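Biologist: I have a structure open and would like to go through a few of its details. Can you help me read it?

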Amino acid sequence: MVEGKKPASLLSPLIISSLLAVLLPRCAALNPRMLFLVKPDPIVLQDHRGALLTGNLTVNLLFYGRFSAAQRAAVADFVRSLSASPGTPRPGHGAEPPSVASWWRTTALYRGGGARPRLGRQVLDERMSLGRGPLSPGDVAALAGGAGHHRGAVTAVLTAPDVLVAPFCVSRCGAHGQGRAGAHGRARYAYLWVGNPARQCPGQCAWPFHQPVHGPRTPALVPPSGDVGVDGMVISLAALLAGTVTNPYGDGYYQGDAGAGLEAATACAGIFGSGAYPGYPGKLLTDPATGASYNAVGLGGRKYLLPALWDPTTSQCKTLV
Ligand SMILES: *[C@@H]1O[C@H](CO)[C@@H](O)[C@H](O)[C@H]1NC(C)=O
């Protein structure tokens, strides 16, 4: 049997963590100001001492269903930006906005020193080889496995707005997990899935670029790429990549139940900038030309909004601005 062509039934996917749709405010019924009266418990992600992903990491992108070239470029450039070297500071231009790479560097504070991602293959499955869904977690693992996995790689399966992935919307905007491949299923690989939330639960998975389902009807923010679905996907992809490298096989850093625990980004859900509280993403930067909200700049000056990450050295959610 050709490696990588195993039927889905031989893969043993285990969704170890889903990106819960907790980006929506959890205490939205409360007056937000009341929350300042309560000092929240510090979040502590426990290190369960299992393998993390470290060193060079290839990130493959599998676009399942229709994505425009502009949509694919926004996602691919985000991945390329993760380990881009910082540009030379330009004297006299004031403070440079934080870079995507500086956001990613928080993951290097975890045990093992972090992973250096680079963009790998981009695979297009426009004709949707497994149909429009609903795709099961096993289907997603099979797609990821078929897109070419090997040691030191993660495949991100990105599904178009009209593709159903169970149980998208019900409880999650994306998930990461592990599959097994190779002779006797000895090689394990990490993969993740993110759905385009343009039409499916944008209030949960594209907030703050879409009004939340619950809570104060604050105006939606302008997305930096101009595409609510894609900028929502980048938030989820960023969160899941951070969760994947710091808890790839379910025995790394998390708090709570294995399989449903809080991870590097989900521990900080809903926080994008300093001063965030449920329903308010925090202080962000604004693009004067478009009015878009962002907090990080990547290659080619592309702007992104990235979630806060839990910092193991301070046990705080670290924001960029
Ligand atoms: C990681 O990638 C860099 C180039 O990006 C290369 O110089 C280095 O040898 C690689 N390290 C390993 C351990 O493969």
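This is a predicted model: local features need pLDDT of at least 70, side-chain atom pairs count only at pLDDT 80 or more; totals for chains, interfaces and linings use all residues.

Biologist: How many disulfides does the structure hold?

Modeller: The structure holds two disulfides. One joins Cys173 to Cys205, with an S to S distance of 2.2 Å. This pair links distant parts of the chain, with Cys173 in strand S6 and Cys205 in helix H4, 32 residues apart.

Biologist: Are Cys173 and Cys205 buried or exposed?

Modeller: Cys173 and Cys205 are both buried.

Biologist: And which residue does Cys268 pair with?

Modeller: Cys268 is joined to Cys317, S to S 2.1 Å.

Biologist: Why does Cys317 count as partly exposed?

Modeller: Its relative accessibility is 23%, so Cys317 falls in the partly exposed class, which lies between the 20% and 50% cut-offs. Cys268, at 1%, counts as buried.

Biologist: Why is the Cys268 and Cys317 disulfide called left-handed?

Modeller: Because the torsion about its S-S bond is about -90°.

Biologist: New topic. Where does Asp231 lie?

Modeller: Asp231 is in helix H5, which covers residues 228-246.

Biologist: Then what does the Asp231 side chain reach at 2.8 Å?

Modeller: The backbone nitrogen of Ser225. Asp231 also touches other residues, including Phe209 and Pro223.

Note on methods:
Residues are numbered from 1 along each chain as its sequence is written. Side-chain values use heavy atoms; hydrogens and water are left out. Helices (H or I, at least four residues) and strands (E, at least two) are DSSP runs, numbered from the N terminus. A polar contact is a pair of N or O atoms within 3.5 Å; within protein, one must be able to donate a hydrogen and the other to accept it, and residues adjacent in sequence count only if both atoms are side-chain atoms. Contact means heavy atoms within 4.5 Å. A disulfide is a pair of cysteine sulfur atoms within 2.5 Å. Buried means under 20% relative accessible area, exposed over 50%, partly exposed in between (1.4 Å probe, protein chains only). Lists of a residue's contacts leave out its neighbours within four places in sequence.
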